[in-house]
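Colleague: I have a new model open and would like to learn how to read it. Could you walk me through a few features?

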Amino acid sequence: MNLSYSKEYEGFRRDVRQFLATNWSDADRASAPEADLQTVRGAMGGGVRTDQRATEFRKQAIERGYLYRSIPRQYGGGEQPPDPLKATIIAEEFKRAKAPFEIMGQGPSMLAPTLVEKGTEEQRQRYVERTLLGQITWCQGYSEPGAGSDLASLRTSAVLDGDEWVINGQKIWTSNAHEADMMFALIRTEPDKPKHDGITYFLIDMKTAGIDVRPLRQMTGEEDFNEVFFEDVRVPKDSIVGERGQGWLVSRSTLKHERALIGNASLARRTFDGLVAMAQIIEVDGRRVIDDPVMRDRIATVEADLLAAEYNGFRLLTLGAKHQDAGLAGLVPKLHSTNLVYKVTRLAMDILSDHGLCAPGEPSAPDMGGFSTAYMWYWGMALGGGAPNIQRNIIGERGLGLPRNV
Amino acid sequence: MDFGLTEDQILLKDTVRRFLDSECPTTRTRAIMESDSGHDADLWRGLVDLGVAGLTVPPEHGGSGLEILDLALVAEEMGWGATPGPFLGNAMAIAALTACDDRAEAARWLSAIATGEALATLAVGEKIGTWDADLLETTADGGALTGAKSLVPYAGESDVLVVAARDADGPGLWLVERGAAGLATTPVRGNDMTRRLDGVRFEQTPAVKIAAGRAAIDRARDIGLVLLAADSFGGANRCLRMTADYAVTREQFGQIIGAFQGVKHQLADMATDLEPSLSLWWYTAHALDHIPDKAERHAALAKAHLSDVYDMVVRYAIELHGGIGFTWEFDLHLWFRRALFNRAFMGTAADHRRRAAALANW
């Protein structure tokens, strides 16, 4: 074990600072909007800059190997060996400088690595770099009204007609479909094969005729997810990733990246730091909330669990760098970190005391109602990418050797 | 940056695991539990020969000079095996001796401990729930100690006691040798019969002062806390694996019970809370050697968190075993008793979270 910031890392931090001082000016900094960090949406990449200036800067940062470090250079990534300390230094310094960072979300975090693993050379060249720079945005077409936890029973179909696929059916819970340029989707192409073997992975332009996107309103009151209807939607024959009928396998790769995207502790950490700051400000009956022994115990309880999640992240990065199987440590983070988001946001609500009544945007609340949005978004995170009980099946079956459910 | 174990550390764990598997099956553990002393000198000799006693003793005193993480990895294996004996108190005494001011006295005892000639223990806590060096009531005056300690690991079996007490200058550490005048030990009937505790009284007992101030006391406490955390992880991990194994062999309603989602999901919840907690005590053990400004607070949080996790895991483990889990013959209660000990000894989870909150300067 070696966690020290050796001379090498101190030098690296100086390099990053120098790079930022040179390439992201005070004027740039002043023009950067404050990210809305209290919301999952903000933490997942909502509201990031993708204008020309931000893109120009990101390209320079990628060139230096500071961003998208796991994506090869030939596809527009920074291509660096995994190094959690360097990654931490980069994140800290970019945050300090309010400089454009990696765009999170499903395109860069899930589709891009999937294409690097399973796509054709043409698909990689066409999509990966522009996705990383936010020039192509993506939504994920997986769930259907009749295919949620049992995803492989999906029924949206595609039939080959000459040089085109003709798609019919419906997707649901499709986050950002109303804004996305493209969709990656699982669609049934081999109706006569067993259910897992009849699915193909598609890349679909959302402007194609016959696609109808209808917004769904979440419990938060926001409209981030949608129903998407396909009626005789015609896409080119080469719109598929992997072979016909191999879509389930390709999607396993994407889901792995989704679990990693949701299964990190950064949102819980941000909310935790926010709630500690809030508890030092808010007073109940003339006493700061942070001075209440019960709240101190609750805060320290959650903090220990949060530290465990963060250090487990260090451990996974180290195992990954050594190409070692992480076993249970790699299977539990999604469930563990979403549980943590629940604990942290619920605690934040209690710290708000009466202010916890306030809805998002209420100006009299010290958090502007932001924590209640984060609290509600817990369910978005817990249910996206496989509901908690699906995670428990995965942990039990792949991690503990228990038999599959019938 | 490397958040993992070295090959030597993996080898150390494997060596201890193999030794305990072959030398200390639960039949032997139960025999030791039922003995008067709870201490099997042959088993301890075997562990000493593996280097366990002198692991963190500096090389110039005949030890291996390894780090707290190495020691914690051994504690994890002891927890996995529910291994009986004086490992914990001896390790805390070494920590105190290594951090004390009187190098000559320390050297003398550390060499003897590393070779297994001497067994040592640490006496800090007084009454129940008092582990704070500033609240000690045992006093030293003119080279003699007077006072009482309530829960001292294997005091009756130890050749030397490292005792936290106070004199006119404040808290400090003193050495008391076996057989010293006015030293009396009384066994405490404990729930965990694999780790014995004694009440100790000092009545004008001759003692040598080896440290002034509370730094060495606190360091020994923090190392003890991370050893308890590691023991908790090892024990909880054993309970999880025992239960998963049971779930794929036990049949009810015509199928193995592990195929029921109710069982599977409970096991998954155990794993979900347990697995990440490993990294918390790893980090803490590493911090005790390398990140001093984080060590004390992390030790408090790790002890609190791991004792909560162990409690949850062992509860579900017994539930999932059904009636057999409630029997004396079945071994699970050995780990339940370890969990009880790890939770209560040296302060509860709430005590340590209170300290962690104070240390955070919120």
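Predicted model: local features only at pLDDT ≥ 70, side-chain atom pairs only at ≥ 80, totals over all residues.

Colleague: At roughly what angle do the axes of helix H10 of chain A and helix H8 of chain B cross?

Modeller: Angles from 65 to 115 degrees count as roughly perpendicular. Here H10(A), residues 293-321, and H8(B), residues 261-290, cross at roughly 90°, so they are roughly perpendicular to each other. Their axes come within 7 Å.

Colleague: Which residues make that contact?

Modeller: From H10(A), the contact includes A:Leu307, A:Tyr311, A:Phe314 and A:Arg315. H8(B) brings in, among them, B:Pro276, B:Leu280, B:Trp282 and B:Tyr283. Sorted by class, the contact has 10 nonpolar, 3 polar and 1 charged residues.

Colleague: Now for a pair inside one chain. Are H1(B) and H4(B) roughly parallel or roughly perpendicular to each other?

Modeller: Angles under 35 degrees count as roughly parallel. H1(B), residues 7-23, and H4(B), residues 68-81, pack at about 30° with their axes 9 Å apart, so these two are roughly parallel. Their crossing is right-handed. In this contact, B:Leu12, B:Val16 and B:Leu20 are among the H1(B) residues, and they face an H4(B) group including B:Leu73, B:Val74 and B:Trp80. By class, the H1(B)-H4(B) contact has 6 nonpolar, 2 polar and 4 charged residues.

Colleague: You mentioned positive phi. Which loop holds A:Lys98, and is A:Asn176 buried or exposed?

Modeller: A:Lys98 is not a glycine, yet its phi is positive, about 50°. A:Lys98 lies in the loop between H5 and H6 of chain A, and with 17 C-beta neighbours inside 10 Å it counts as partly exposed. A:Asn176, also not a glycine, has a positive phi of about 60°. Its place is the loop between S3 and S4 of chain A. The cut-off for buried is 20 or more, and A:Asn176 has 20 C-beta neighbours inside 10 Å, so it counts as buried.

Definitions and conventions: Residues numbered from 1 in each chain as written. Chains lettered and ligands numbered in written order. Axes fitted to C-alpha atoms, helices over the stretch in contact; angles between N-to-C directions. Helix = DSSP H or I, 4+ residues; strand = E, 2+ residues; numbered from the N terminus. Parallel < 35°, antiparallel > 145°, perpendicular 65-115°, else oblique. Left-handed = near helix turned anticlockwise from the far one by under 90°. Contact = placed C-beta atoms within 7 Å. Nonpolar A, V, L, I, M, F, W, Y, C, P; charged D, E, K, R; others polar. Buried ≥ 20, exposed ≤ 12 C-beta atoms within 10 Å, placed from the backbone.
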